[in-house]
Amino acid sequence: MYFPEQDTHLLNESEIDLLRIHSLETFGTHDGPGIRMVVFVQGCQFRCLYCQNPDSIDIHGGTLVTVDELVSKAVKQKAYFGKKGGVTVSGGEPLLQRAKLIHFFDRLHENGINTCLDSNGRVLDDHTKELLDRTDLLLLDVKHINPEWHKKLTSLNNATTLKIAEHRESTGKPMWLRYVFVPGWTDQEEYLHEWAKHFSGYKTIERVEIIPFHQLGKHKWELMNMQYALAETPSPTTEALENAKAIFSQYLDNVTIK
Amino acid sequence: MENLVKSLELKVGVWKDSINVHDFVLQNLKSYEGDASFLVGPSYKTTQLWNVCKESLLKERQNDGCLAIDTEVISNITSFGPGYIQKENETIVGLQTDELLKRAMKPFGGIKLVQSAVAEKGLKVSDRVVDIFNYAKNHNQAVFDAYDGEIKTFRSKHVLTGLPDNYARGRIIGDFRRVALYGIDRLIAEKKSDKGKVSGDMTDAKVRLREEIAEQINALQDMKKMALSYGIDISKPATNAQEAVQFTYLGYLSAVKEQDGAAMSLGNVSSFLDVYIQNDIEAGIIDEEQAQEYIDQFVMKLRLVRHLRPGAYDAIFGGDPTWVTEAIGGQFHDGRTKVTKTSFRFLQTLYNLGASPEPNLTVLWSENLPQGFKDFCAQVSIDTSSLQYENDDLMRDNRGSDDYGIACCVSYQEIGKSIQHFGARANLPKALLLSLNGGREESEGVQVVGGISEMDDEVLDYDTVMKSFKKTLAEVARVYAKSMYIIHYMHDKYYYERAQMSLIDSNPKIDIAYGAAGISIIADSLSAIKYAKVTPVRNEFGLTIDFNIEGDFPKFGNDDDRVDDIAKEVTKIFIDELRKHKTYKNSTPTLSLLTITSNVMYGSNTGATPDGRKAGEAFAPGANPMHGRDENGAIASLNSVSKLNYNDAQDGISYTFTMVPKSLGNNLEEQVGNLTTTLDAYFGRNAHHLNVNVLNKETLLDAYNHPENYPQLTIRVSGYAVNFVRLSKAHQLEVISRTFHSTM
């Protein structure tokens, strides 16, 4: 494991008004619909080999900002959100700060701002459920359908992630699924079929995004002096991506390649 | 011909009895609320013709940007015989000279400038023409006869720069639609009647006006002659679409044959022309391909407009621009949209003929524009980076008319009813340095402004600096106003725009368009003095040569009121000062925050500033935040600029915005949606202008190194667009160094 496990409870249970964040993006157009303010929170339990932001893993890293400050930033940008956009919380892993995010999303809704959560689905408890109730759109990253491969890829299993999908489906609220396509790791045809088949009966999935692996995060691994297992992994070919899209489309609607 | 005349069915209104194109458009325009799916590609003739042009354009570029010069003829409306590109394929005819891209001499702005422009190309102005100016006076000469020492010092020390005292002022937009709607004979009759009304005891103003109208009548007569040389009779109104386009163009052509004003806008002709086009289509006389052909060929002609410019001109107006600015879209006061199918057809030329800086297509953006038009504009921006946007809701409301064009880059001008006198701009950071140096210019110590106390403070104090700066601005405004009075007095006297003015009401309202450069440097400098610790480094003569800044300070472009309010305040101080002074012909002062490409030149002539900008470093263009200082993303940057108050800068607040395509969204559909949302939001906050570039830095770097591969690469700079490869290398690098908003 490239980064030690951490006890993440504190992150959720410390002061309710303070979020630990990695960074902010004010003109996000790739994490949910429309133009969005994207809050990348700090801290993650997954250890994905292809992580683009390894500097967002450490729960002690990043900076503390008040929910007030984030809300006022969002309000200043609200005109640009238009009819589709809003705020997305991504990470890191947002669910590690789920209790605080309940509060944050409530405040955004009070100001008429759409909320979106981009999560790997690591934690499912009452707080998670409450947060999902306040999440207008869930972007759920299901990184692999096979538990062993999932573990090899992320260091943890996918059981909770799949349960969250199930829970979301039961609430009838919309979600998008996201799948990072990594040559040699997530491109096995049998598992692509299995992945898509698993969700084929779902009614709440509005879109499926295939995200091609790229090497733009490489320099961060080097900066952090960590062994980067995918240093030699190429970006997927267009053919491979189209093939994955075709497989997914056998079971699911509205599959797109990012 | 008989049935064509019958086919033109027009609603009658007051436009019949008096010259009032606005009323005609109001009565007859058919709004189009649909999308772009009706558009067609170029016709065979258009393609043939454009291929010939492309060859000549390539030759022009290879020949150092100038294909040929006529050194014998002083250009006016009738001095050249007809010129063609390829007669059999031309649906719309008319060239400035008798040959494609051949440039002509218009020496009444300044014979010396013409001589140096011609000499730079290894040629010589004919003896006959040189000799004429041994007897005749020109604008440049006259202005310098009247200038005083103070103005000359402000000018030579780069406090006031780019003044139209050695080139033609431009910016006056003729209502070229009048030629098509009324025909020349009617226009002459109206002018004669106007002249008759200037009677009674004479005053300077009346004498001047009588002479001006007489000149206008001469110009109208010349237009008729020039048109006849092409076999076209424009004495009567146009009776069909082809004539409407052709007549309107001949009006514009007359202007650019005789004048070489820095910017000579076209106005807002597209929806006017649509009345005729729509009529002919409905009558079954023409089809969509024919309609598009008229517009493609008209626009092609506008792309070929050329003026003779000396090399030095490039520093202030880089890339050989002509500003054939056409305002497209917008709304009527009554809530109807002015968007027509011909609004779309104009934009379609950017596909049919490829991207291009000219004509300078400007979309008048309103929240209520039809969605189909908004989407098409966004798509065109994403594909070509050739459009700019201005806030129609703001201008209509603030300035009053719903029939206006854009003079030069960004300035509102009611068509046919008002004009503006161009005032170039004052260098605000230079003024700030004067106020820190006891009124002395920072590089050589020449005393420019009197009555400013020397400042020997270790650390700069905000209140002291502001007090001194205000005093300096008052002095700059005083001298600036004086210079403008002289310039426009002399321009009217020696280089009067009789062609444009003949198509404008005889006694129009006039704005005097002052300008200011470097507002973001001023805001950041004063913010640094207020919120950080700024210590000037002074040389042996006590002049500031650098500044040490300790601590951080808010910077313009980050949606931070602490600094954004300073930018607002200084703008207001300056325009309030300018408003105190007398103006030529009682014109109304306005102010622009705009630089054209002179931001590079301003930078090289300005010492280090208290915001940390080094001596010689380029200014940001227009009202842009300084490069790389807008660290909180695109929206914060847009928000800062949108706070600047249009009331204090009615000549325009220019913001050039560059986005990487991927950052706008994952695919074209998302990108279009996000760009239209951005424009709605930005203008919804009362912002005035936005240049939109959608391109990658890598593309520009590649074009910098391999210009031959990018003949039509177009980018928006400050209030206009240029062929990137026709910019100087210094300008190209400056553009590359700008902030690209990107999510990567």
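Residues are numbered from 1 along each chain as its sequence is written, while chains are lettered from A and ligands numbered from 1 in the order in which they are written. In this predicted model, local features need pLDDT of at least 70 and side-chain atom pairs count only at pLDDT 80 or more, whereas totals for chains, interfaces and linings use all residues.

## The two chains

Chain A has nine helices and nine strands. Chain B has 26 helices and 19 strands. Helices (H or I, at least four residues) and strands (E, at least two) are DSSP runs, numbered from the N terminus.

The radius of gyration of chain B is 25 Å, close to the 27 Å from the globule rule for 744 residues, so chain B is as compact as a globular protein of that length. For chain A, with 258 residues, a compact globule would have a value near 18 Å; the chain has 17 Å, which agrees. The radius is taken over C-alpha atoms, and the rule is 2.2 Å times the number of residues to the power 0.38.

The table sets out further values for each chain. A residue is buried if 20 or more other C-beta atoms lie within 10 Å of its own, exposed if 12 or fewer, and partly exposed in between, with C-beta atoms placed from the backbone. Two residues are in contact if their C-beta atoms, placed from the backbone, lie within 7 Å.

| Property | Chain A | Chain B |
|---|---|---|
| C-alpha box along the principal axes | roughly 45 × 45 × 35 Å | roughly 85 × 65 × 50 Å |
| Buried residues | 43% of 258 residues | 59% of 744 residues |
| Contacts between residues at least 6 apart that join residues at least 24 apart | 76% | 80% |

## Where the chains meet

Which residues join the chains? In chain B, 22 residues are in contact with 16 residues of chain A. Helix H23 (633–642) and helix H24 (668–684) of chain B each give two or more residues to this side. H24(B) gives the most, with seven residues. By class, the chain B side has six nonpolar, twelve polar and four charged residues. Here Ala, Val, Leu, Ile, Met, Phe, Trp, Tyr, Cys and Pro count as nonpolar, Asp, Glu, Lys and Arg as charged, and the others, Gly among them, as polar.

## Two domains in chain B

Chain B is divided into domain 1 (2–136 + 167–416) and domain 2 (431–471 + 509–685 + 713–736). These bounds come from an automatic or database domain assignment. The centres of the two domains are 32 Å apart, taken over C-alpha atoms. Their contact takes 35 residues from domain 1 and 36 residues from domain 2 of chain B. Several elements supply at least two residues of the domain 1 side, including helix H13 (313–316), strand S5 (360–365) and helix H15 (371–384) of chain B. H15(B) gives the most to that side, with seven residues.

## The core

The largest nonpolar core has 284 residues. Such a core is a set of buried Ala, Val, Leu, Ile, Met, Phe, Trp, Tyr and Cys residues joined through C-beta atoms within 7 Å. Those with the most contacts inside it are Val39(A), Leu177(A), Met223(B), Tyr480(B) and Ile519(B). Helix H18 (residues 462–494) of chain B gives the largest share, twelve residues. Domain 1 and domain 2 of chain B both give residues to this core, so the core lies between them.

Leu177(A) touches Leu140(A), Val142(A), Phe199(A), Ile205(A) and Val208(A), not counting residues up to four places away in sequence.

## Details of the backbone

A cis peptide bond joins Gly91(A) and Gly92(A), with omega about 15 degrees. Gly92(A) sits in the loop between strand S4 (86–90) and helix H3 (98–110) of chain A. Another cis bond joins Glu358(B) and Pro359(B), with omega about -10 degrees.

Arg171(B) is not a glycine, yet has a positive phi of about 70 degrees. Arg171(B) is in the loop between strand S3 (160–161) and helix H8 (177–197) of chain B. With 28 C-beta neighbours inside 10 Å, Arg171(B) counts as buried.
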